[in-house]
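I opened my notebook for a friendly first look at this structure. Here is what I looked up, entry by entry.

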Amino acid sequence: MLSYRHGFHAGNHADVLKHLTLSLLLQSLLKKEKPFFFMDTHGGAGRYALNAEWAIKNREFESGIGRIWQRSSLPKGLSPYLDAVRTTNPSSQLRWYPGSPRIARHFLRPQDRMVLAELHPKESLELAREFEGDRQVKVEALDGYQSLKAHLPPKERRGLIHIDPAYEVKDERRRVLEALLDATRRWPTGIFAVWYPIQDGATRDEFLKRVEKLKIPKTMVVELMVRPEEAFRLNGSGMILINPPWQLDQELSLLLPILVDHLGEGGQGSSQLQWLHGELPAP
Ligand SMILES: C[S@@+](CC[C@H](N)C(=O)[O-])C[C@H]1O[C@@H](n2cnc3c(N)ncnc32)[C@H](O)[C@@H]1O
């Protein structure tokens, strides 16, 4: 039974980390003319109205994207992401939040394509409507893990896979790790970005140990905490990145502390970047 709806959380601190990282990865793919492939295994609805009943219930976007989207004094590394948000909001009001499919669409050139899987019937319907008539986008109302197997390796031989489940089922972490191992075997040179929530440190540590045990080359992890551990809350989140482009670690090392400054609660936020496998370039 799928009950999670991303509309409650659209634009929160976890979305900011996730979509900033995705934007930087997508931008790196634009450096070559050759087409690239993007896939979201868990697409969500694509775009979220921030005046909708769900979004205004807890107004999570206000302590996330709301704090940075109009600031002009931020480092230019944030621009690819903020430009995607601003394009979705042409007026001075923050009316919409672009989900990962909309963010990715912002970077697609005519030669690129994307596939979006979404299992929830209502969300997948909204996603299909969002991209109706767009020949570069294929929406599949399917299980994202199954769909992923069917698309790898893509004919383009370059691109990015985003794995972003809701972690509402108990064994989701196991499914994510199995999917990641299988997908990186099918496509060792692809870029993979996997989002995970952080509520408590023990679960997070155990999860990262399991990621490390997969021994996938070039595995980097970035995390943003907006407060120290507090029970039953989403205190932060992380992204596992496989085959990140050269120097992304350096760029994120500069940008994460800026996010901590703006999104951390009462000076209590923190960030982390580490390589689980693969070499850190010299500082
Ligand atoms: C965190 S949300 C996705 C948000 C989206 N990636 C974004 O960044 O805007 C997770 C989504 O996965 C969907 N979902 C859950 N299980 C799924 C599955 N097995 N395959 C595909 N989608 C699934 C949920 O309905 C939900 O919309």
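Predicted model: local features only at pLDDT ≥ 70, side-chain atom pairs only at ≥ 80, totals over all residues.

**Two helices side by side**

I found that the axes of helix α6 (residues 144–151) and helix α7 (residues 172–186) come within 10 Å and cross at roughly 5 degrees. Angles under 35 degrees count as roughly parallel, so α6 is roughly parallel to α7.

Next I asked which residues make the contact. From α6 I noted Tyr145, Leu148 and Lys149, and from α7 I noted Arg175, Ala179, Asp182 and Ala183. Sorting the contact of α6 with α7 by class, I got 4 nonpolar, no polar and 3 charged residues.

**The whole chain**

I then stepped back and listed 9 helices and 10 strands in the chain. The radius of gyration is 17 Å, close to the 19 Å that the globule rule gives for 283 residues, so I wrote the chain down as being as compact as a globular protein of that length. Along its principal axes, I read a C-alpha trace spanning about 45 × 45 × 40 Å.

How much of the chain counts as buried? My entry says 46% of the 283 residues. I also looked at contacts between residues at least 6 apart in sequence, and 77% of them join residues at least 24 apart.

Notes
Residues numbered from 1 in each chain as written. Helix = DSSP H or I, 4+ residues; strand = E, 2+ residues; numbered from the N terminus. Rg over C-alpha atoms; globule rule 2.2 N^0.38 Å. Buried ≥ 20, exposed ≤ 12 C-beta atoms within 10 Å, placed from the backbone. Contact = placed C-beta atoms within 7 Å. Axes fitted to C-alpha atoms, helices over the stretch in contact; angles between N-to-C directions. Parallel < 35°, antiparallel > 145°, perpendicular 65-115°, else oblique. Nonpolar A, V, L, I, M, F, W, Y, C, P; charged D, E, K, R; others polar.
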